[in-house]
Amino acid sequence: LTADIKCFNITGVLQKTIRTKSGRMPYDIAVDRDGALLYNDGITRTVYKVKNGQTVEIFTLLGWKPANLCVTSSGDLLITMCSQDKTQYKVVRTRYSDFTLKQTIQFDDEGQPLYSGNTKIKYICENRNLDICVADCGAGAVVVVNQAGKLRFRYTGQPSPTKNKPFEPRGIATDSQGRILTTHKNNYCIYILDADGQFLRYIDNCDLKRPYGLCVDSNDRLYVCDFYEGNVKQIRYSK
């Protein structure tokens, strides 16, 4: 665990190192449309922006702790948040220009919580159809809502005789075809779903020890952060 955020080029050469303002490990990072780095500090409940070597505070939350970040195609910022008493989770959408609250996503149409009420990490991303996808490790589910915040589906794993450990998704990403990719840290693989939550296949032949964070670039190249190995792997999974 480190307070350093490291930037590498595509060949893996270290370009620069950014130390968090508080000296604590960042909970999550994201990059905005202008190339500025965003990171959040769960201890101070603050989201920071780093541009041209300068770190500035964007906003600080009261009563809620920011967890994971996603910059949307429209330039908004999606943030998963945990309540101060650690019993509730929600997703909020803020306008990036002035960080005005635009949307809160917390309950389904029956008033039931969409996300598990615990502090286990909940990665978030936006699909190309503007669905909001959350890997809810505590619930053992990928929870997908539409742009209006209405529940579309929950994916809770794929029965398999060789991948029989409880489904605990961590990282999540989407690609140019709207497919959803999520890691399974205990089954050492990555699940690929279509945009409607139907299982397509596994990625399980890449010697993954404990895959966590995921990212897919504009050419559908997948980058996987392997927790045990301490490295990032690039995987070409789509022709």
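A residue is called buried when its relative accessible area is under 20%, exposed when it is over 50%, and partly exposed in between (1.4 Å probe, protein chains only). The model is a predicted one, so to speak with care, local features need pLDDT of at least 70 and side-chain atom pairs count only at pLDDT 80 or more, while totals for chains, interfaces and linings use all residues. Residues are numbered from 1 along each chain as its sequence is written, and side-chain values use heavy atoms, with hydrogens and water left out.

On to the overall picture. The chain has 21 strands and 0 helices (both are DSSP runs numbered from the N terminus, with strands, E, of at least two residues and helices, H or I, of at least four). Its radius of gyration is 17 Å, close to the 18 Å that the globule rule gives for 239 residues, so the chain is as compact as a globular protein of that length. Here the radius is taken over C-alpha atoms, and the rule is 2.2 Å times the number of residues to the power 0.38. Taken along the principal axes, the box filled by the C-alpha atoms is roughly 50 × 50 × 30 Å.

Now for one sheet. Strands of a sheet pair through backbone hydrogen bonds, either parallel or antiparallel. Three strands in the order S19-S20-S21 make up an open sheet with antiparallel pairing; two strands pair if DSSP finds at least two bridges between them. S19 (211–216) and S21 (231–236) stand at the edges with a single partner strand each, so one side of each has no neighbour in the sheet. From one strand to the next, the twist averages 25 degrees (axes are lines fitted to C-alpha atoms, and angles run from 0 to 180 degrees between N-to-C directions). S19 and S20 are joined by 4 bridges, and Cys-215 stands opposite Tyr-223 in S20. The hairpin of these two strands has 4 residues between them, and there Asp-220 takes a positive phi near 60 degrees. S20 (residues 221–226) pairs with S21 over 6 bridges, with Val-224 opposite Lys-233. S19 is mostly covered, as 5 of its 6 residues are buried.

Charged side chains come next. Side chains of opposite charge can pair when their charged atoms come close. Counting a side-chain nitrogen of Lys or Arg within 4 Å of a carboxyl oxygen of Asp or Glu as a salt bridge, the total comes to 11. In one of them, the closest N and O atoms of Lys-150 and Asp-109 are 3.0 Å apart. Lys-150 sits in the loop between S13 (141–145) and S14 (151–155), and Asp-109 in the loop between S10 (101–105) and S11 (122–126), so the pair ties together parts 41 residues apart in sequence. Lys-150 is partly exposed at 42%, while Asp-109 is exposed at 60%. Lys-122 and Asp-136 form another salt bridge, at 3.6 Å, and both are buried. Arg-179 and Asp-175 meet at 2.7 Å, N to O; Arg-179 is buried at 15% relative accessibility, as is Asp-175 at 6%. Salt bridges that share partners also join Asp-76, Arg-93 and Lys-102 into one network.
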